[in-house]
Amino acid sequence: MSTLAHDDHHDHKPTGLKRWFFSTNHKDIGTLYLIFALTMFFVGGSMAMIIRAELFQPGLQFVDPQFYNSMVTVHALIMIFGAVMPAGVGLANWMIPLMIGAPDMALPRMNNMSFWILPFAFALLISTLFMEGGGPAGGWTMYPPLVLQTGNAFPFLIFAIHFLGVSSIMGAINIIATVFNMRAPGMTLMKMPLFVWTWVITSFLLIAALPVLAGGVTMLLTDKYFGTSFFDAAGGGDPVLFQHIFWFFGHPEVYILALPAFGIVSQVIPAFARKPLFGYASMVYATASIAILSFFVWAHHMFTVGLPIKGELFFMYATMLIAVPTGVKVFNWVATMWKGAMTFETPMLFSIAFVILFTIGGFSGLMLGITPVDFQYHDTYFVVAHFHYVLLTGAVFALMSAVYYWLPKWTGYMYDERLGKIHFWLSLISSNVLFFPQHFLGLAGMPRRIPDYNIQFADFNAISSIGGFAYGLTQLLFVYIVLKCALGGKKAKPRVWEGAKGLEWYVPSPAPFHTFETPPKLTKEMLEH
Amino acid sequence: MASQEIYYVPEGSKWPIVGSLSLFITFMGGAMMFNNAPGALYVLVLGLAALVYMFAGWFADVISESLAGKYSKQVDVSFRMGMGWFILSEVMFFAAFFGALYYARVFSIPWLGGEGQGLHNGTHEFLWPAFQAMWPMNVMPDPSNYTQYKDTIPAFGIPAINTALLLTSGVTCTFAHWALKKEQRKSLCLWLAATVLLGFIFVGFQAQEYVHAYKDLDLTLNSGIYGSTFFMLTGFHGFHVTMGAVMLAVILFRSMKGHFSNKDHFAFEAVAWYWHFVDVVWLGLFIFVYWV
């Protein structure tokens with residue numbers, strides 16, 4: 001097997017703080033993103049632990065309702081903007097240049113700024129918890145007029161959203177420029193690994209959706225402080241207008257979280273099934289279709305708000321339509337495994353779990369997308385169960401899969417496979433104990449975002465909380481596995497997984513500080529997927 | 001697609017983190033202003049000053065690297081893609097406000113006026129039965145909290161002149177580009193100067209229109225959904241024109257110093273694209289905010 005060799009004497013790294021603060025290196029910036037995402041995963045996760053502790057029993061136990069609601073709100077904002085998105089961007093940073101034969105991202109300095117915005121933006125956001133009037137407690141969706149009652153935290157919340165938007169848009173522009181301008185000769189678009197494809201399409205979504213959110217929260221700001229009446233019917237506006245603007249951003253945002261996960265799974269499953277990805281072209285087209293459709297389904301989040309019946313029908317049918325390309329993808333993943341010579345290393349386990357559990361989340365989404373039944377499910381724990389299946393056992397499981405898959409490439413050492421499997425099985429069981437009962441709670445009528453509940457919901461809530469604590473503890477094991485792998489272990493070969501396809505396996509493990517200083521000559525074998 | 005022998009990756013730079021930090025200080029200062037926190041103004045001014053320092057320093061580095069011939073064709077293409085997609089994000093930002101205008105005119109005001117069935121005319125029936133849908137809407141459903149205005153700004157006064165000014169500036173900008181391509185530096189600078197001047201005259205007229213609206217017409221941000229959409233759309237646009245004119249002025253300065261050749265002048269083109277984008281947004285404003 002040929003490797004793309006590298007001169008070690010070129011491998012000079014900047015040292016000390018400069019290396020991290022002034023970086024123009026996609027691998028270092030990727031590492032920063034991933035460490036930041038993991039940190040935020042625990043910050044947001046500890047808020048989830050507070051929520052589950054409060055819900056362990058009916059009645060008020062530990063926190064007052066206002067604080068509970070700000071935990072719900074900030075948990076969501078941190079997990080979405082601080083954990084899942086940065087983890088995805090971190091993987092994109094690390095892997096896209098390696099996968100397409102580029103020396104780095106197209107705009108490396110802007111790349112550094114995209115990252116360094118994040119700690120500052122979250123400083124703004126998290127500081128609100130200590131302000132007069134408490135943190136934002138109106139839900140991450142920030143619906144007016146409720147959110148306008150936020151105290152001193154309000155302008156900090158709005159500006160934190162603007163700030164995070166700046167970071168994401170710069171990151172997205174960078175990824176698009178990298179993929180369209182920096183591919184090695186021979187790496188045509190339809191030869192690109194699917195992870196690269198999903199990230200390009202995600203970047204389009206980011207550029208088109210985030211500015212709309214920025215506009216919407218700006219209107220909230222002027223409604224509160226400058227007397228405008230965008231969301232006030234007394235002045236001719238409409239609070240529902242905010243919901244339209246928010247979800248015009250919010251639904252594409254869901255796919256911003258999910259599409260990179262699709263990309264990861266499409267890399268991992270073929271590697272461990274030792275078969276080419278089934279239906280590569282259809283995967284690309286399905287991803288693009290999902291992205292386009294995601295701009296025409298936003299009002300399915302608002303069925304009960306009083307939309308005209310024609311609108312409800314339109315958004316219901318458009319939502320059903322998304323099941324078609326998603327079905328194509330799930331079919332292709334299963335067909336890739338069909339009659340494959342499968343082995344079940346940790347990345348593969350997480351990816352298979354993703355396929356099954358994301359599909360469960362997809363089906364409950366389909367239920368929620370049907371207007372008449374949504375009137376029962378709306379704002380109940382059924383919704384909470386749905387989006388946690390999609391985001392936690394979906395997106396987060398895929399991210400875990402990606403970390404195990406590429407960790408040897410990053411560190412040069414193999415992780416502890418036995419511990420990895422223990423981490424997987426504990427995560428799988430605990431997350432299902434955590435979220436599966438919430439379907440029943442929702443169907444029985446338990447509303448979301450309320451710290452107390454009727455006695456009839458007590459048993460399922462207790463089970464769910466136990467699952468939650470178990471899941472939270474299990475993730476400490478993940479940190480241990482990653483640290484252990486970073487510090488040493490069995491040396492990893494350049495091709496870590498025998499069945500893995502793609503350019504990243506032709507560079508040494510760990511990947512040198514600079515790769516591809518000149519355009520690599522790609523062979524047919526390197527371009528397989 | 002890569003076409004050259006060696007890829008270019010820039011040196012590490014302090015500017016990105018200086019930029020993040022200055023944005024942080026600016027946002028913090030702004031948020032403190034809203035909370036009437038002591039010292040807020042100082043924080044805000046410090047942040048804005050740091051932002052200016054960051055932009056000046058970052059661009060100075062990029063310009064000197066560019067003049068030193070460090071940038072390859074590939075880097076140029078990356079810059080072009082970056083600018084193009086940045087402009088698309090700006091388009092989507094304005095789309096949110098145009099969307100709000102459309103929603104108010106097509107949905108919320110007619111519903112408040114009693115159109116539609118079931119829930120939609122409920123607000124009309126139970127809260128404000130006297131309210132009648134109209135556009136421009138100068139009687140609010142609940143007038144008590146809002147400033148009623150005497151009149152709106154007619155399209156065929158200053159706004160029409162401003163349309164002519166901006167469209168002309170687009171033409172002069174293109175003339176400047178043609179001069180640049182023919183390497184006629186003097187003509188380039190003159191046309192650019194004309195573009196900058198037209199831009200600032202536009203902003204001046206816009207400011208005068210605002211003064212007129214606030215002082216004579218009682219048309220303010222507080223004038224219901226009409227005032228909200230009017231000032232937010234024209235205000236953000238005016239801010240973008242100002243930024244664009246400042247960028248053009250920088251390009252004028254660089255043109256005078258002879259930074260651009262007929263082959264290599266991406267900075268000029270980027271600003272020209274931005275200027276045309278601002279122009280197109282104005283056409284949307286003129287038609288949907290002032291005219292129809």
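Which part is meant: the two domains of chain B, and how far apart do their C-alpha centres lie?

A: In this predicted model, the C-alpha centres of domain 1 of chain B and domain 2 of chain B are 25 Å apart. Domain 1 of chain B covers 12-70, and domain 2 covers 74-291. On confidence, chain B has a mean pLDDT of 94, with 97% of its residues at 70 or more. For the complex, the predictor reports an ipTM of 0.95 and a pTM of 0.95.

T174(B) sits in helix α5 of chain B, which spans residues 158-181. T174(B) has 15 other C-beta atoms within 10 Å, and it is therefore partly exposed; the buried class would need 20 or more, and the exposed class 12 or fewer. The C-alpha atom of T174(B) is 55 Å from that of L127(B), although 47 residues separate the two along the chain.

Chain B also has a side that touches chain A. There, 61 residues of chain B are in contact with 63 residues of chain A. Three helices of chain B, α1 (15-34), α3 (73-112) and α7 (224-256), each give at least two residues to this side. The largest share comes from α3(B), with 21 residues. By class, the side of chain B that touches chain A has 39 nonpolar, 18 polar and four charged residues.

The C-alpha atoms of chain A fill a box of roughly 70 × 50 × 45 Å along the principal axes. Of the 529 residues of chain A, 60% count as buried. Among contacts in chain A between residues at least 6 apart in sequence, 83% join residues at least 24 apart.

Chain A is assigned three domains: domain 1 (1-185 + 513-529), domain 2 (194-273 + 275-340) and domain 3 (361-492). The centres of domain 2 of chain A and domain 3 of chain A, taken over C-alpha atoms, are separated by 21 Å. Their contact involves 15 residues from domain 2 of chain A and 17 residues from domain 3 of chain A. On the side of domain 2 of chain A that touches domain 3 of chain A, the elements giving two or more residues are α7 (239-273) and α9 (309-337) of chain A. That side of domain 2 of chain A consists of 10 nonpolar, four polar and one charged residues.

Leaving aside neighbours within four places in sequence, V196(A) is in contact with I96(A), M99(A), I100(A) and V179(A).

Notes:
Residues numbered from 1 in each chain as written. Chains lettered and ligands numbered in written order. Predicted model: local features only at pLDDT ≥ 70, side-chain atom pairs only at ≥ 80, totals over all residues. Contact = placed C-beta atoms within 7 Å. Helix = DSSP H or I, 4+ residues; strand = E, 2+ residues; numbered from the N terminus. Nonpolar A, V, L, I, M, F, W, Y, C, P; charged D, E, K, R; others polar. Domains from an automatic or database assignment. pLDDT = per-residue confidence, 0-100.
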